[in-house]
Amino acid sequence: MSKIGWIGLGNMGIPMSVNLVKAGKDVVVWNRTKSKADEVVAAGAAWADSPKAVAEACDFVFTMVADGPALHDAVLGADGAAAGLSPGKIVIDMSTISVAESAKVNEAVEAAGCKFLRAPVTGSTALAAAGTVGVLASGDKAAYEKTLPLFEIVGGNQFYLGGGDEARVMKLSLNLMIATTMQMQAEAVVMAEKAGLDVAQVCDIIAGSAVGSPLTGYKSKVIAEGVYAPAFPIRLMIKDLKLALGVGEAYGVKMESTELTKNRMELAQSKGYGDNDFSVLVKLLEEDSGVNR
Ligand code: NAP
């Protein structure tokens, strides 16, 4: 049986790797902070002492880390995964990072005679636990097809976008819409709230209207309760908006609502909300508007 490596056991990496173990796969894991491997090791995965050791032991090497610098540390650094590769292996990065950061990793993986798939995901930690994230993949088509049965374990929908870094761009397109939608929802809700309307009812009506979406639907309860536990923390959304703005700049596309939303999120972070869910934009606007719920 093929061995599956998993590097990066944060909020997404833990449930996704646990799902591979539960599906009967032979999984080897590494995480910078070892204690975060407890759950997946208890489920049946093996621990390796470095990303290099994971790559030596495995045919498929998944990475799911915070950002580009983290991926570079885990793959290109001393004892990184690239040092453990031998020809024929497939490296799959599921983190959200930039095209330039991704290209550097691709170079090292190809130099080792292996293939690199870019496979960022769409969906939150709840979908990761349910095994229903959307997988946006690009890179070598044959490597994608070999990896598809594994993508089907961790994700509900699979999309193949092309032979290069297309999936990186698609992921940023989606996240900029998610972020700017939340800024719009914050403005709609707080305006109505200040005018005396009931927040829960406002959210329900938005969710069921022509502008309703899965996002406005599942954020309704969060906003109505005013408890912003991180399904997707604002610090990671800021990273994604900066990456999206970088793509816009590279292609000469002006993205003013993305810029404004990033600025609002940076303000939220400066007020200590960096680890809250990005829907904390509602609370930020309530505070700016003198609402104390
Ligand atoms: P997270 O909980 O913050 O976990 C980050 C992971 O990266 C941890 O395993 C962390 O290791 C590791 N890491 C950070 N810096 C590192 C370094 N220098 N070297 C090695 N490892 C390092 O993040 P997450 O929520 O799992 O998200 C992971 C990726 O998925 C991000 O790119 C995010 O944008 C994307 N994403 C997240 C969601 C979501 O809802 N959370 C949804 C879709 C996509 P330690 O444990 O040692 O800190």
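Select helix 1, residues 13-22, and pick out Ser-17, which lies within this helix. Keep in mind that the model is predicted.

**Stop 1: Ser-17**

Is Ser-17 buried or exposed? Ser-17 counts as buried because its relative accessible area is 0%, and the cut-off for buried is under 20%. Now show the Ser-17 side chain. It reaches the backbone oxygen of Ile-14, at 3.1 Å.

**Stop 2: the ligand**

Select the ligand and the residues around it. The shell holds 26 residues. Asn-31, Thr-33, Lys-36, Ala-66 and Lys-239 are the closest. Color the shell by residue class: 10 are nonpolar, 10 polar and 6 charged.

Now look at single atom pairs. Start at Gly-10, where a polar backbone atom is 3.3 Å from an oxygen atom of the ligand. Move to Val-65. Here a backbone N or O atom lies 3.2 Å from a ligand oxygen. Then go to Asp-73. An N or O atom of the Asp-73 side chain is 2.8 Å from a nitrogen atom of the ligand.

How much of the ligand does the protein bury? Taken alone, the ligand exposes 910 Å², and the protein buries 91% of that.

Highlight helix 4 (68-76) and helix 11 (234-250). These are the elements that give two or more residues to the shell. Helix 11 supplies the largest share, 3 residues.

**Stop 3**

Select strand 5, residues 90-93, and show its side chains. Ile-90 and Ile-92 point one way, while Val-91 and Asp-93 point the other way. All four are buried.

Strands 4 and 5 pair in the parallel sense, over 4 bridges. To find one of the partners, click Thr-63. Its bridge partner in strand 5 is Asp-93.

**Stop 4**

The order is 7-8-9, and the pairing is mixed. Which strands form the edges? They are strand 7 (121-122) and strand 9 (155-160), each of which pairs on one side only.

Zoom in on strand 8, residues 133-137. Strand 8 pairs with strand 9 in the parallel sense, over 5 bridges.

Definitions and conventions. Residues are numbered from 1 along each chain as its sequence is written. This is a predicted model: local features need pLDDT of at least 70, side-chain atom pairs count only at pLDDT 80 or more; totals for chains, interfaces and linings use all residues. Side-chain values use heavy atoms; hydrogens and water are left out. A residue is near a molecule or strand if one of its heavy atoms lies within 4 Å of it. A polar contact is a pair of N or O atoms within 3.5 Å; within protein, one must be able to donate a hydrogen and the other to accept it, and residues adjacent in sequence count only if both atoms are side-chain atoms. Accessible areas come from the Shrake-Rupley method with a 1.4 Å probe; for residues, only the protein chains shown count as cover. Ala, Val, Leu, Ile, Met, Phe, Trp, Tyr, Cys and Pro count as nonpolar, Asp, Glu, Lys and Arg as charged, and the others, Gly among them, as polar. Buried means under 20% relative accessible area, exposed over 50%, partly exposed in between (1.4 Å probe, protein chains only). Two strands pair if DSSP finds at least two bridges between them.
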